[in-house]
Amino acid sequence: METVLVTGGRGASGRWVVDRLAGDYEVVVVDYDHPGLDVDPAPHVSFRAADLAQRGEALDAVSAVDPDAVVHWAAIPVAGTHPEGRVFKNNALAAKNVLDAAGRADARIVQASSDGAYGFFFADPTPLPDELPITEGHPLRPEDPYGLSKVTAEAAAGAVARRRDVPAVSVRPSWIQYPGEYACRADEYVSDLDAGAGNFWSYVDARDVADLVAAALAETRGPDSPVEPGAHEAVNCVAADNALGRPLLDLLREVYGDVPDNCAVDEGSDRTGYAVAKAERLFGWTPTRSWREAAAADVAAPTLFER
């Protein structure tokens, strides 16, 4: 069984990734804190602690595990919660350190990027995209430290892939939601169009995110990989529909007064603003969860250990 090192695996979305991978792989979770030697880890899960923004600690952690693959999921997850310099420094350094270590271990790479890399949500004012739906080829124009850190992380993944001849994938989720706890369906969100306008009312279920990570890991293994050694690919990861269930073009006209000239979205479609065709083409992944069922779903969050 292969070993996968997952950074940030105890985080809100990281634990869903770990839960999805455990059993298919031996999963080593590396986070800033260790849950304690007295815990009983879930099957095929173990833990290590490291400050990944410290280069020596990141290199040591990955070297000690010598994984077949690295899923880099650790980051300060959003702008506005920490000083700007800390968000960028922590996320960019951790990505550089972990990805360099993965390359030295000849490990294939999957990492968490974000739709924040496009730069829409925290821009002032929020611009219309150049195209609809938004493909991975859309220019990346972040103004905020979080989005900029994700662009930097993607550049680091490309550099490591080229230098170390390993495949690398950056997953760009939109706002991640959790079954039974869909913040994008809260009254204050649904009743205020401006609340979701910055990412065009897009979202994605944590289980769909975990499925895409698993698909990318599986499909980058072996000689027939759609991502060749030395290559880096970024893929959008969003639900098929928007969080309001209304026609996307109507929402854009109501909030922005216009739609992009380059628009391939049908009138009346409640689709998301992002294209996911690339993830399907490369990895056979399509989103399968919608807020219509998942917002009220009774699904227990993964438990990675017990005390």
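**A pocket, a cavity and a helix**

Hi everyone, let's start with the open space: the largest pocket holds about 1,100 Å³. Keep in mind as we go that this is a predicted model.

So who surrounds that pocket? There are 38 lining residues, and the ones that lie nearest its centre are S13, A75, P77, V78 and Y146. Looking at the lining by class, we have 22 nonpolar, ten polar and six charged residues.

How many cavities of 30 Å³ or more does a search of the whole structure find? The search turns up one. The largest cavity has a volume of about 50 Å³, and its lining is made up of H72, A74, A75, N91, A95, Q111, A112, K150 and A153. By class, that gives five nonpolar, three polar and one charged. Here α3, β6 (108-112) and α4 each contribute at least two lining residues.

Last stop, helix α1, which covers residues 14-21. Which of its residues are buried? They are G14, W16, V17, V18 and L21. And what do they pack against? Their partners are the strands β1 (3-7), β2 (26-31), β4 (45-49) and β5 (69-72), together with helix α7 (206-219). Just after α1 comes G23, with a positive phi of about 105 degrees.

Terms used. Residues numbered from 1 in each chain as written. Predicted model: local features only at pLDDT ≥ 70, side-chain atom pairs only at ≥ 80, totals over all residues. Heavy atoms only, no water. Buried < 20%, exposed > 50% of the residue type's maximum accessible area, 1.4 Å probe, protein only. Helix = DSSP H or I, 4+ residues; strand = E, 2+ residues; numbered from the N terminus. Contact = heavy atoms within 4.5 Å. 1 Å grid on protein atoms, 1.4 Å probe; cavity = no way out; pocket = protein on both sides within 12 Å on 5 of 7 lines; lining within 4 Å. Points joined across faces, edges and corners; volume = space filled by probe spheres on them. Nonpolar A, V, L, I, M, F, W, Y, C, P; charged D, E, K, R; others polar.
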